[in-house]
Amino acid sequence: MIAHARRRVNGHHTEASPTLARFVLVHPSIPGGGVVASYLAPVVDALTAVLATPESPHFWLDVERIRPDEMDALADLLGLHEVTIFDCLNEDFLVSDEKFERFPDYFFLIADLLNPVEGRWRTENVNVVVLKRGAITLRNNPFPELAALAAAARRNAAGSPTRDNARTRSGSLSGLDGAGGPDRVLLSVLELVLAHTVPQAADAADAADQLDHEVLTTERPGALLRDMALVRQQLAKLAQSLLSKREILASVCSDDLPVPQISAPTRVRLRAVLDQVVWKLSRVEAAQETLRGASANLFALVNLQVGRAANETNRVIKNLSLLLAITTPLTLVASVFGMNVFPLTAVHIVDRDKENWGLMIGLIAFMCGSTFLLLVLSHKYSMFGNLQIKRVLSLGDIGL
């Protein structure tokens, strides 16, 4: 259970966070355009002053790696629900999927990122709280693009615009002024997340196409199967991420049940983001279908190679069977005369004129007849009519 007891704002710690939490508060009334600190105390002081002025412009607070006690103090100041606190503190451990939730005074959303860690993609979340007076973004892992956007917004609020702070790569306004409210922060975060996901989706789709082409020429099917498994996992994570983004954006952009904290112009921009998500999702699904076809083709080729090996084994067995057809009668005769039984072991002394070669001649005739009969039968049933396989399927014979 989440602890209901929270620290009061005036009792928060003033020590630097051991995890070097980074707080960036953007507001035009603050000297320098905002506050940058590694602990919460100066941020709370400045934010308290901002909230005390009813007509004050909107603020933006960007937080990276916040401690539980600092989150409690911030929630006390802004009136955040305990469920929101729990999601922000446990986003990368227990909250593995994106979500959005409406509260009476604010709107909460979790957007996920896919970052490569040790050869695999790990899900990392970005939390966005949109209030009437401002917006808060929280994350437990670095997001350089969002940090750069917050720095540009602070410079813009200080009245020192630069070439890159008026607009970000995603095209949204980086400043919070009369033309852009807290919902513009939400829009900017979603555009940055999508800009982060687009090249990943493109790379995974290109990898699936490349694997599909390599199926016909590969000489190492084992390595190809490992590459397919890795790309399949990447496409599955991308599909899950894009599906959740599509559902959330469809709900946020809905005119039937609008979110009070999101203005109509921002909803129009969010619909454009939704269109990009749908387009990328369709490409990911097409890549998944391509990879399934490539896997089926690879298994078919492996089966053909297994069949070829089986045919070669059968050819060797047939040759051995032909050899046995010749040696079996000889072995039978040798076995018969090697028996230690009467009368084969009896020794008779007779005159040369009275010697009888009938038994020997009979056995030799039996041996020759058996061999001839086996060869006739093998020829009749085409067992050894062609010792060489006339045509063995190869990789080029399948016509793919």
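User: How many bridges join strand S1 (residues 22-26) to S3?

Analyst: This is a predicted model. In it, strand S1 and S3 run antiparallel. One of the pairs along this contact sets phenylalanine 23 against valine 63 of S3. The number of bridges that join S1 to S3 is five.

User: Which strand is joined to S3 by six bridges?

Analyst: This partner and S3 run parallel, whereas S1 and S3 run antiparallel. Aspartate 62 has threonine 137 as its bridge partner there. The strand that six bridges join to S3 is S7 (residues 134-139).

User: Which residues of S3 point the other way from Phe59, Leu61 and Val63?

Analyst: In a regular strand the side chains alternate between the two faces of the sheet. Phe59, Leu61 and Val63 point one way from S3, and the residues on either side of the strand are all buried. The residues that point the other way are Trp60, Asp62 and Glu64.

User: How many residues of strand S3 (residues 59-64) are buried?

Analyst: A residue is taken as buried under 20% relative accessible area. Both sets of S3 residues, those that point one way and those that point the other, are buried. The strand is mostly covered, and the number of its six residues that are buried is six.

User: In S2, what is the bridge partner of leucine 25?

Analyst: S1, which is mostly covered with four of its five residues buried, pairs with S2 (residues 34-37) over four bridges. This pairing is in the antiparallel sense. In S2, the bridge partner of leucine 25 is valine 35.

User: Where is the place of arginine 65?

Analyst: Arginine 65 has a positive phi, near 60°, in a residue other than glycine. Most residues other than glycine have a negative phi. Arginine 65 is also partly exposed, with a relative accessible area of 27%. Its place is in the loop between S3 and helix H2 (68-78).

User: How many salt bridges does the count come to?

Analyst: A pair counts when a side-chain nitrogen of Lys or Arg lies within 4 Å of a carboxyl oxygen of Asp or Glu. Glutamate 70 is buried at 3% relative accessible area, and arginine 67 is buried at 15%. The count of salt bridges comes to 13.

User: Aspartate 87 and lysine 99 meet in a salt bridge; what is the N to O value?

Analyst: Aspartate 87 counts as buried at 5% relative accessibility, while lysine 99 counts as partly exposed at 23%. The side chains of aspartate 87 and lysine 99 meet in a salt bridge. This pair links distant parts of the chain, 12 residues apart, with aspartate 87 in helix H3 (residues 82-89) and lysine 99 in strand S4 (residues 99-102). The N to O value is 2.8 Å.

User: With which arginine does glutamate 124 form a salt bridge?

Analyst: Glutamate 124 is buried, with a relative accessible area of 6%. The closest N and O atoms are 2.6 Å apart, and the partner of glutamate 124 is arginine 122.

User: Which residues do salt bridges that share partners join into one network?

Analyst: Within the list of 13 salt bridges, the pair of glutamate 124 and arginine 122 is one. Salt bridges that share partners join four residues into one network: Asp62, Glu64, Arg65 and Arg139.

User: How many disulfides does the count come to?

Analyst: Cysteine 88 is buried, with a relative accessible area of 2%. Cysteine 253 also counts as buried, at 6% relative accessibility. A disulfide needs two cysteine sulfur atoms within 2.5 Å. The count of disulfides comes to zero.

User: About how much space lies in the largest cavity?

Analyst: The count comes to three cavities of 30 Å³ or more. The lining of the largest cavity includes Glu98, Leu109, Leu190, Lys245 and Val273. The space in the largest cavity is about 80 Å³.

User: By class, how many residues in the lining of the largest cavity are nonpolar?

Analyst: Strand S5 (106-117), helix H5 (182-214), helix H6 (221-252) and helix H7 (264-337) each supply at least two residues of this lining. The lining of the largest cavity has two charged residues and no polar ones. The number of nonpolar residues is 10.

Key
Residues are numbered from 1 along each chain as its sequence is written. This is a predicted model: local features need pLDDT of at least 70, side-chain atom pairs count only at pLDDT 80 or more; totals for chains, interfaces and linings use all residues. Side-chain values use heavy atoms; hydrogens and water are left out. On a 1 Å grid over the protein atoms alone, a cavity is a set of points where a 1.4 Å probe fits but cannot get out, and a pocket is an open set with protein on both sides within 12 Å along at least five of seven lines; lining residues have an atom within 4 Å of a point. Grid points are joined across faces, edges and corners, and a volume is the space filled by probe spheres set on the points. Ala, Val, Leu, Ile, Met, Phe, Trp, Tyr, Cys and Pro count as nonpolar, Asp, Glu, Lys and Arg as charged, and the others, Gly among them, as polar. Buried means under 20% relative accessible area, exposed over 50%, partly exposed in between (1.4 Å probe, protein chains only). Two strands pair if DSSP finds at least two bridges between them.
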